[in-house]
Amino acid sequence: MKILITGGAGFIGSNFIRYIFKKHPDYKIINFDKLTYAGNLENLKDVEDNPDYKFVKGDICDKKIVDEVISEKPDAIINFAAESHVDRSISDPHSFLKTDMQGVITLLEIAKKYNIKRFIQISTDEVYGSINETSCAEKHPLNPSNPYSASKAAADLMVHSYFVTYKMPVLTVRSSNNFGPYQYPEKIIPLFITNLLEDKKVPLYGDGLNIRDWLYVLDNCEAIDLILDKGKEGEVYNVGGGNEKTNLEITRLILREMGKDESYIDYVEDRLGHDRRYSLDSSKIKETLGWQPKYNFEQSLKKTIQWYRNNEWWWKKIKSGEYLEYYKKQYETGYKTQKRIS
Ligand code: NAD
Ligand code: DAU
């Protein structure tokens, strides 16, 4: 199987590529990524020499290069590429609409042209919006409330429209908040861990009582692989970790594990339009595909803290800005010297 993974240099995409090579050593992967501030080929150092792996730098909004890469006729496309950080979407919504919606239409159009047999859109629980009680199953109305989630919801609707209109073999995965190694240190868990490693305070928004449902990234990778293999065309699958916690609970767990007290909490102004709670009903993937999250939350959080302790080389360069300045310059858009894999 040859898979085109877009956004594979980011957090979940890079974990997914590593997961796939371990689980299916016979698969071939093309990683197509724009290398925005969040894309980092150092996430994939251990796979870059694999003869079945190839990186192509490009933007999913750029029809020419997308056509070139899809003309290699992958068996499946999995679209992880996105602007993914809610706070950035509040200050710069345009780039979100462009990549998270227009980029998806570009991919869909060209996947249609080459008759690609499977197209998986990586979406998010945020498209359902905030919910105070109960949980959202796949049929729950979309009610996004920030520019990031609104762009992702628009993409989900476009993906669905390609199923209905063109009978394209599309599937959508909506997962809850992921955590684990190689997550860009702007998201709450890696930001708080790395701040504490630098003996800095952690900025907790508002009253700290907003709730997110945490999913270890490898549980998500397993779900996506299962959906790739057995998911039904046209369907949406929720993937939730079943670990609903307030941000204050998460902060206290991190503080305790890192031997710091609550004086390290800096209660700061709330995020604009801050969604109070996300909650997914993941019965469908459990009942129809037999998926279950395997990783215990507390243990995985400890393992994640340990990973950031052991890998200062990775996050210090990002936090200082050194990575952006020196490392990305060597990659040019397109194939140029890149190998082709059959
Ligand atoms: P990330 O920000 O770590 O990575 C995004 C990747 O996409 C980066 O490598 C970036 O360079 C690339 N990219 C951005 N714009 C691009 C473009 N125009 N063309 C090509 N590549 C581009 O994000 P992540 O946390 O790994 O999230 C991956 C996907 O999963 C996103 O679609 C996101 O919406 C979704 N998601 C994330 C979470 C989470 O908790 N992180 C939860 C649910 C869903
Ligand atoms: O729910 C899935 C979504 O999870 C994904 O679709 C997004 O791509 C991903 O970024 C994530 O969005 P969140 O906004 O939930 O993640 P973030 O880590 O930014 O924030 C988690 C919670 O922590 C949220 O309630 C805001 C709060 N927070 C966040 C930061 C960065 C803080 O209190 N302080 C912070 O500094």
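Helices and strands are DSSP runs numbered from the N terminus, a helix having at least four residues and a strand at least two. On that basis, the place of H274 is in the loop between β12 (265-268) and α9 (283-289). The model is predicted, and the points below are grouped by topic.

**Overall fold**

- The chain contains 12 helices and 12 strands.
- Its C-alpha trace spans about 55 × 45 × 35 Å along the principal axes.
- A compact globule of 342 residues would have a radius of gyration near 20 Å, and the value of 19 Å for the chain therefore agrees with that expectation.
- Of the 342 residues, 57% count as buried.
- Among contacts between residues at least 6 apart in sequence, 84% join residues at least 24 apart.
- The chain exposes about 14800 Å², of which carbon and sulfur atoms supply 50%.

**Helix α1**

- Because 11 of its 13 residues are buried, α1 is largely enclosed by the rest of the structure.
- The buried residues of α1 include F11, F16, R18 and F21.
- These buried residues pack against the strands β1 (2-6), β2 (28-33), β3 (53-57), β4 (76-79) and β7 (177-179), and also against helix α7 (217-230).

**Ligand 1**

- Ligand 1 is surrounded by 28 residues, the closest being I12, D33, S84, Y148 and K152.
- Backbone N or O atoms approach the ligand at several positions: one of K34 lies 3.1 Å from a ligand nitrogen atom, one of L35 lies 3.5 Å from a ligand oxygen atom, and one of I122 lies 3.5 Å from a ligand oxygen atom.
- Taken alone, ligand 1 exposes 830 Å², and the protein buries 97% of that area.
- Two or more residues of the shell come from each of α1, β5 (119-124), α5 (147-166) and β7.
- Strand β5 gives the largest share of the shell, three residues.

**Residue H274**

- Is H274 buried or exposed? Its relative accessibility is 15%, and the cut-off for a buried residue is under 20%, so H274 counts as buried.
- Leaving aside residues up to four places away in sequence, H274 touches Y205, N210, R212 and N247.
- With N210, the side chain of H274 makes a side-chain polar contact at 3.4 Å.
- The C-alpha atoms of H274 and D156 are separated by 22 Å, the two residues being 118 residues apart along the chain.

Notes. Residues are numbered from 1 along each chain as its sequence is written. Chains are lettered from A and ligands numbered from 1 in the order in which they are written. This is a predicted model: local features need pLDDT of at least 70, side-chain atom pairs count only at pLDDT 80 or more; totals for chains, interfaces and linings use all residues. Side-chain values use heavy atoms; hydrogens and water are left out. Buried means under 20% relative accessible area, exposed over 50%, partly exposed in between (1.4 Å probe, protein chains only). Contact means heavy atoms within 4.5 Å. A polar contact is a pair of N or O atoms within 3.5 Å; within protein, one must be able to donate a hydrogen and the other to accept it, and residues adjacent in sequence count only if both atoms are side-chain atoms. The radius of gyration is taken over C-alpha atoms; the globule rule is 2.2 Å times the number of residues to the power 0.38. Accessible areas come from the Shrake-Rupley method with a 1.4 Å probe; for residues, only the protein chains shown count as cover. A residue is near a molecule or strand if one of its heavy atoms lies within 4 Å of it.
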